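Work through the exercises below with the model open. Each task is followed by its solution.

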Amino acid sequence: MSLSPSLEALITGRVDALPVGLREHVHRVVAIAQDLAGRHQLDKEKVRWGALAHDVARATKGDELLRQARDLGISVHPVEEQVPLLLHGPVAAEMLKRSGLEDQTIYDSIYWHSTAHSHLVPEAKVVFLADKLDPQKLQRYPYLGELGWIAVESLDRAVLTFLHRELTTLIGQGALVHPASVDARNQLLMEDGRTIGV
């Protein structure tokens, strides 16, 4: 698997242009994702590019994300209307697709890294988890240590564990929940609830 030199340059250029804290987050996510990919014998190149590109639109303001999403033909869910930050993955993925990204795994890794999705391949699950496993997010997700160990053993169980805890928190706060996250959790439970149950 290889991206075109122009697409690689576009992604690295967009990452280099991010604010320093966000850029450092991206590189931590790449390192975590590469480690998980190796442990699970996955395509490390696809994981690397998905992780590197996952936040290239993260610094974009909400109103601009909504405008770009509509310009790119992305179907905007009412939850995303209210929480436009959730569009930074879809906008990044679709922008890169328009610039020559053809690999569906990398596209999905970027598109769904915030919410997860009911039919993610393992490489995309790695990017989703690596984004959450950044040690700088420990205050937000105090169970990161446990989640990291679970991710080494089972990507599905780790995604399910994270979604269960995050959705419980959001619902407890009276916050909106993206339906893709609910669908992803339900799918994992239905696939193997007896062994993945949390």
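**Exercise 1.** Which residues make a nonpolar surface patch of about 220 Å²?

Solution. This is a predicted model: local features need pLDDT of at least 70, side-chain atom pairs count only at pLDDT 80 or more, and totals for chains, interfaces and linings use all residues. Residues are numbered from 1 along each chain as its sequence is written, and side-chain values use heavy atoms, without hydrogens and water.

Step 1: the patch consists of Val 83, Leu 85 and Leu 176. Step 3: Leu 176 counts as partly exposed because its relative accessibility is 47% (buried is under 20%, exposed over 50%, partly exposed in between, with a 1.4 Å probe and protein chains only).

**Exercise 2.** Find the salt bridge partner of Arg 39.

Solution. Step 1: apply the cut-off, a side-chain nitrogen of Lys or Arg within 4 Å of a carboxyl oxygen of Asp or Glu. Step 2: Arg 39 pairs with Asp 35, with the closest N and O atoms 2.9 Å apart. Step 3: both sit in helix α2, four residues apart, so about one helical turn separates them. Step 4: Asp 35 is partly exposed, at 39% relative accessible area.

**Exercise 3.** Are Asp 103 and Lys 46 buried or exposed?

Solution. Step 1: their side chains form a salt bridge (3.1 Å, N to O). Step 2: this pair links distant parts of the chain, 57 residues apart. Asp 103 lies in the loop between α6 (88–98) and α7 (104–111), and Lys 46 in helix α3 (residues 44–53). Step 3: Asp 103 and Lys 46 are both buried.

Technical notes:
Patch = residues over 30% accessible without salt bridge, like charges linked within 9 Å, V, L, I, M, F, W, Y side chains within 5 Å. Areas by Shrake-Rupley, 256 points an atom, 1.4 Å probe, with all protein chains shown as cover. Helix = DSSP H or I, 4+ residues; strand = E, 2+ residues; numbered from the N terminus.
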